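This report goes through the side-chain pairs, helices, domain contact and backbone geometry of one model. The structure comes first, and the text follows.

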Amino acid sequence: MTEHDFSPKPYTNSIEKGKVTWESPSNIALVKYWGKKKDQIPENPSISFTLNECKTITTLTFTKKESNKDFSFEVYLDGNKKDDFKPKIQTFFERIESYLPFLRDYHFKIETKNTFPHSSGIASSASGMSALALCLMSIEKELSVRSSAVETSFNENLFNQKASFLARLGSGSACRSIEGDLIVWGKTDSIEGSTDLFGVKYPYKVHQNFKNYQDTILLVDKGEKQVSSTVGHNLMHNHPYAQNRFQQAHNNLEKLKPILESGDLNAFVKLVESEALTLHAMMMTSMPYFILMKPNTLEIINKIWRFRQDSGLHISFTLDAGANVHVLYPENEATQILEFIKSELVAYCQNGHYICDQIGFGANQIKE
Ligand code: PMV
């Protein structure tokens with residue numbers, strides 16, 4: 001497939017106004033995406049667990065307008081007007097307009113809320129951009145007539161692919177939030193069907209050990225990130241270790257296949273933690289360099305390592321571009337591990353805040 005496959009055929013329906021709502025989850029990468037080319041094309045492939053509880057819910061109200069000269073939209077978060085969100089959405093609309101030619105024909109009211117606190121240090125860009133992309137896809141669907149059952153099922157697939165493709169243009173990792181439970185984004189030889197253009201479901205066998213995998217997110221630092229992920233990705237240009245890192249991501253995806261198939265939790269723990277630390281090592285070795293981990297991030301990591309050694313349980317951690325720690329563990333070890341988290345780790349969280357999440361299956365449309 002190429003991007004041209006996402007240019008729509010001329011629309012056959014005309015709609016004056018309407019309203020559509022989608023909820024879309026966040027995701028946590030196991031093999032990390034860090035570094036991108038033009039148009040949000042990743043430098044390396046990545047794979048993530050789709051989350052279940054951390055979601056954005058977006059309602060898009062659209063009304064036909066007189067002139068189709070400019071984009072026209074207003075944004076609300078939790079009912080409050082958020083003009084500071086507008087530049088990001090303006091850029092998003094500019095990037096996707098050739099794939100959604102109706103964008104200038106309507107005025108949009110974008111009302112959004114998150115199930116997790118806004119200032120939790122959990123990035124809302126993946127869930128937020130994917131929810132908005134899905135709302136726009138629903139409008140496109142209404143503008144296009146669908147007839148036969150065959151066409152509908154084909155279009156369902158295309159609908160998700162295009163939603164992921166659009167979400168990617170908003171925020172790279174957002175393309176992995178449309179479906180679940182394991183999503184691959186970025187072309188790599190070891191995963192059939194993988195592409196740089198959108199996220200695809202992991203196509204191979206996954207052992208029972210990884211079903212309902214748990215992710216308890218420890219909110220170590222709820223402040224704004226000091227370095228945006230856009231700046232971080234760009235620092236991979238001319239980074240001394242970039243090429244090795246990109247190759248390592250390909251290798252790790254290949255190594256993950258037999259691990260996922262056999263249910264080898266020990267190998268999973270090693271691979272996932274190494275990926276998390278490599279991501280942060282890239283930040284520490286770029287120019288300019290920066291550190292997003294906090295002292296409590298390291299306290300938690302050390303406690304996890306000690307507890308794993310003492311208990312023999314398969315607790316591990318991963319990090320995204322921030323100080324918060326995602327504690328990952330299999331469902332059948334949840335009781336003991338959650339007890340450990342509550343008694344030993346929550347003390348390192350800001351105001352004792354943490355979120356219990358687990359693998360989810362992707363976005364849902366909310367019909368009124
Ligand atoms: O989607 P972005 O541009 O916010 O980048 C996110 C990158 C990481 O979260 C650090 C890794 C990943 O693969 O999600």
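## Salt bridges and surroundings

Lys 69 has a relative accessibility of 61%, so Lys 69 counts as exposed. This is a predicted model. Lys 69 forms a salt bridge with Asp 70, with an N to O distance of 4.0 Å. Asp 70 is partly exposed, because its relative accessible area is 44%.

In total, 10 salt bridges are counted. Side chains of opposite charge can pair when their charged atoms come close.

| Pair | N to O distance |
|---|---|
| Lys 69 and Asp 70 | 4.0 Å |
| Glu 97 and Arg 104 | 2.8 Å |
| Lys 162 and Glu 140 | 2.7 Å |

The pair of Lys 162 and Glu 140 links distant parts of the chain, 22 residues apart: Lys 162 belongs to helix α3 (residues 149–170) and Glu 140 to helix α2 (residues 125–143). Lys 162 and Glu 140 are both buried. For the pair of Glu 97 and Arg 104, the setting is another one: Glu 97 is partly exposed at a relative accessible area of 26%, and Arg 104 is partly exposed at 23%.

Helix α2, which carries Glu 140, has 19 residues and spans 27 Å from its first C-alpha to its last, close to the 27 Å expected at 1.5 Å a residue. Of the 19 residues of α2, 16 are buried, and the helix is mostly covered.

Helix α6 (residues 265–284) has 20 residues, and its first and last C-alpha atoms are 29 Å apart, close to an expected 28 Å. At the start of α6, a side-chain oxygen of Asp 264 comes to within 3.3 Å of the backbone nitrogen of Asn 266.

The chain is divided into domain 1 (3–189) and domain 2 (214–358). Their C-alpha centres are 27 Å apart. Domain 1 gives 29 residues to the contact, and domain 2 gives 39 residues.

How much area is buried between domain 1 and domain 2? The value is about 2800 Å², and carbon and sulfur atoms give 69% of that area. On the side of domain 1, Leu 30, Lys 32 and Trp 34 supply 29% of the area buried against domain 2, more than any other three residues.

Strands β1 (17–31) and β4 each supply at least two residues of the side of domain 1 that touches domain 2. The largest share of that side comes from β4, with 8 residues.

## Two buried loop residues

Asn 44 sits in the loop between β3 (41–42) and β4 (46–64). Is Asn 44 buried or exposed? Its relative accessibility is 2%, and therefore Asn 44 counts as buried. A polar atom of the Asn 44 side chain lies 3.0 Å from the backbone oxygen of Lys 32. Beyond four places in sequence, the residues that Asn 44 touches are Lys 32, Tyr 33, Trp 34, Trp 185, Arg 245, Phe 246 and Ala 249.

Val 220 is placed in the loop between β10 (214–218) and α4 (229–234). With a relative accessible area of 8%, Val 220 is buried. Val 220 and Gly 352 are 132 residues apart in sequence, with their C-alpha atoms 8.6 Å apart in space.

## Backbone geometry

Most residues other than glycine have a negative phi, and most peptide bonds are trans. Which peptide bond has an omega of about -10°? The cis bond that joins Gly 180 and Asp 181 has this value. Asp 181 is located in the loop between α3 and β8 (182–185). Another cis bond runs from Met 287 to Pro 288, with omega near 0°. Pro 288 is placed in the loop between α6 and α7 (295–311).

Asn 212 is not a glycine, yet has a positive phi of about 55°. Asn 212 lies in the loop between β9 (200–201) and β10, and is partly exposed with a relative accessible area of 29%. Asn 238 also has a positive phi, of about 65°. Asn 238 lies in the loop between α4 and α5 (242–262). The relative accessible area of Asn 238 is 81%, so Asn 238 is exposed.

Technical notes
Residues are numbered from 1 along each chain as its sequence is written. This is a predicted model: local features need pLDDT of at least 70, side-chain atom pairs count only at pLDDT 80 or more; totals for chains, interfaces and linings use all residues. Side-chain values use heavy atoms; hydrogens and water are left out. Helices (H or I, at least four residues) and strands (E, at least two) are DSSP runs, numbered from the N terminus. Buried means under 20% relative accessible area, exposed over 50%, partly exposed in between (1.4 Å probe, protein chains only). A polar contact is a pair of N or O atoms within 3.5 Å; within protein, one must be able to donate a hydrogen and the other to accept it, and residues adjacent in sequence count only if both atoms are side-chain atoms. Contact means heavy atoms within 4.5 Å. A salt bridge is a side-chain nitrogen of Lys or Arg within 4 Å of a carboxyl oxygen of Asp or Glu. The expected span of a helix is 1.5 Å times one less than its number of residues. Domain bounds come from an automatic or database domain assignment. Buried area is the accessible area (1.4 Å probe) that two parts lose on being put together, summed over both.
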